[in-house]
Amino acid sequence: MIPCTCLVQEGQISSAIESALRSKLDGFAHEAFGVGVNINWIEVPKTGGFTASKPSTSSLVLIQAPVAVEQDKRAVLLGELCNGWASETGQTLNEVVGVISDPAAA
Amino acid sequence: MPLYSCNAAPGAISEDAKPKIAVDITRIHCDVTGAPPAFVHAFFFEDAPHQPLDGKKAFMFGSIRAGRTDAQKAQIIEEITASIHTHAGIPLEDIMMLTSDTPAKWVFEGGAVMPEPGEEAEWLAKHHHEPAD
């Protein structure tokens with residue numbers, strides 16, 4: 001299992017979509033790295049999230065790869081990760097931040 | 001990115017103070033680094049287990065793109081800590097702040113891998129990301 005942190009705004013993502021995202025993230029990690037994810041789902045309290053000084057509608061998903069990732073592969077995976085998140089939630093890509101880190105940076 | 005995540009003791013940072021601190025964070029980060037405001041996220045939590053307070057009243061953790069100088073990071077820490085002190089009334093000694101460097105190439109935002117520090121204008125033009133006011 002590899003660590004995955006999801007930071008979302010409170011009330012923005014329904015429990016049904018959260019469940020679908022959890023499943024999708026696990027599938028993504030299995031496909032990309034051959035392992036599952038241990039998800040830390042964190043909700044930013046209402047009135048507590050700001051992007052560019054304005055109330056935030058952004059979600060961040062951070063995955064720590066089990067091994068160092070070549071940048072070409074990382075870029076493709078990041079695109080898949082964020083597009084998959086956006087398609088599930090209906091958010092735009094301007095509202096989704098994805099991070100795939102190498103293990104040494106954890 | 002950057003993501004500034006602030007955990008605080010319950011009630012230590014009022015609802016009125018949060019947007020003021022968020023405005024300061026955005027201004028300070030952009031003034032110091034030259035980054036566009038659209039990239040700056042400021043999230044506030046209370047008693048959040050993922051970011052222990054370790055005896056402090058507030059703990060601000062900034063995940064910023066790698067490539068900033070030590071002087072830039074020190075200035076960010078000094079000014080954001082002062083903003084929390086000013087708007088929330090928390091004594092400086094009860095505020096902890098750290099930053100961590102994240103390589104830009106690890107981050108995807110606005111539909112593309114993030115630019116290296118200093119390459120934002122070209123990136124924004126290419127990816128049509130609308131900076132905030």
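Q: Which residue in E2(A) stands opposite Cys4(A)?
A: This is a predicted model, in which local features need pLDDT of at least 70 and side-chain atom pairs count only at pLDDT 80 or more, while totals for chains, interfaces and linings use all residues. Residues are numbered from 1 along each chain as its sequence is written, chains are lettered from A and ligands numbered from 1 in the order in which they are written, and side-chain values use heavy atoms, without hydrogens and water. Strands (E, at least two residues) and helices (H or I, at least four) are DSSP runs numbered from the N terminus, and two strands pair if DSSP finds at least two bridges between them. Eight bridges join E1(A), residues 2-9, to the parallel strand E2(A), residues 37-44, and opposite Cys4(A) stands Ile39(A).

Q: Which residue is the bridge partner of Thr51(A) in E2(B)?
A: Strand E3(A), residues 49-51, pairs with E2(B) in the antiparallel sense over three bridges. Within E2(B), Ala42(B) stands opposite Phe50(A). The bridge partner of Thr51(A) is His41(B).

Q: What are the edge strands of the open sheet of six strands?
A: The order is E4(A)-E3(A)-E2(B)-E1(B)-E3(B)-E4(B), with mixed pairing. An edge strand here pairs on one side only. The two are E4(A), residues 54-55, and E4(B), residues 95-102.

Q: Which residues of chain B lose the most area to chain A?
A: The contact (heavy atoms within 4.5 Å) takes 28 residues from chain B and 34 from chain A. About 2,400 Å² is buried between the chains, 66% of it on carbon and sulfur atoms; this is the accessible area (1.4 Å probe) lost on being put together, summed over both parts. Together 33% of what the chain B side buries comes from Phe43(B), Trp106(B) and Phe108(B).

Q: How many salt bridges does the rule find across the interface of chain B and chain A?
A: A salt bridge puts a side-chain nitrogen of Lys or Arg within 4 Å of a carboxyl oxygen of Asp or Glu. Over all chains the search finds nine, among them Lys24(A) with Glu88(A), whose closest N and O atoms are 3.0 Å apart. That pair links H1(A) and H2(A), 64 residues apart. Across the interface the number is zero.

How values were computed: Buried area is the accessible area (1.4 Å probe) that two parts lose on being put together, summed over both.
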